[in-house]
Amino acid sequence: VFMAYVVSSPAAGVSWNLSKEQWAWALFDAGCWGYASVTINTLVPLVFKQDAPKNESKYISAIWANTVAAGTLLSGLICPFSGAILDLYGWRKIAVFITSVCMCIALSLFASISANGEMQMP
């Protein structure tokens with residue numbers, strides 16, 4: 001309760017008079033972390049383990065953990081700078097759209113690769 005008062009008090013310099021666009025971005029950000037964390041940390045490793053060759057299945061969890069750690073480190077190093085540039089030039093919406101489309105294409109291609117490395121076409 002005390003933190004809520006401090007954050008919302010006029011002396012803290014925080015204004016809750018957000019525009020419709022600012023509320024949309026806040027709700028988008030609040031909704032994305034839950035989906036991403038469940039998908040990345042729970043569902044994807046299960047799919048990897050299921051599709052992995054039997055002799056390599058014991059290494060899948062370690063490989064996935066190292067991949068997530070490397071991606072997190074890379075994001076932590078790159079995102080503050082790229083975010084500042086996007087904010088500076090007003091390219092935030094364009095960047096979200098382009099990265100969303102690229103990720104949909106990349107994940108669709110990834111999902112069509114079979115366990116033996118061949119592309120499966122529907």
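Author: Start with exposure. Buried means under 20% relative accessible area, exposed means over 50%, and partly exposed lies in between. This is a predicted model. Cysteine 102 has a relative accessible area of 44%, so it is partly exposed.

Reader: Is cysteine 104 buried or exposed?

Author: Cysteine 104 counts as exposed, at 52% relative accessibility.

Reader: How many disulfides does the search of the whole structure find?

Author: The search finds zero disulfides. A disulfide needs two cysteine sulfur atoms within 2.5 Å. The nearest cysteine sulfur to cysteine 102 is that of cysteine 104, 9.4 Å away. That is too far for a bond.

Reader: Now helices. What is the general idea?

Author: An α-helix has 3.6 residues a turn, so residues three or four places apart point the same way. Take H3, with 30 residues. From first C-alpha to last, H3 reaches 41 Å, close to the 44 Å expected.

Reader: Where does the kink in H3 lie?

Author: The kink is at isoleucine 78, shortly before proline 80. Its angle is about 35°. Just after H3, glycine 90 takes a positive phi of about 75°.

Reader: And pockets? How are they found?

Author: Rolling a probe the size of a water molecule over the atoms shows where empty space is left. Here the largest pocket has a volume of about 1,900 Å³. Of its 43 lining residues, the closest to the centre are Thr39, Ile40, Trp64, Met103 and Leu107.

Reader: Which element gives the largest share of that lining?

Author: H2 does, with 14 residues. By class, the lining has 26 nonpolar, 12 polar and five charged residues.

Technical notes:
Residues numbered from 1 in each chain as written. Predicted model: local features only at pLDDT ≥ 70, side-chain atom pairs only at ≥ 80, totals over all residues. Heavy atoms only, no water. 1 Å grid on protein atoms, 1.4 Å probe; cavity = no way out; pocket = protein on both sides within 12 Å on 5 of 7 lines; lining within 4 Å. Points joined across faces, edges and corners; volume = space filled by probe spheres on them. Helix = DSSP H or I, 4+ residues; strand = E, 2+ residues; numbered from the N terminus. Nonpolar A, V, L, I, M, F, W, Y, C, P; charged D, E, K, R; others polar. Expected span 1.5 Å × (residues − 1). Bend = angle between axes of the 7 residues up to and from the residue. Buried < 20%, exposed > 50% of the residue type's maximum accessible area, 1.4 Å probe, protein only.
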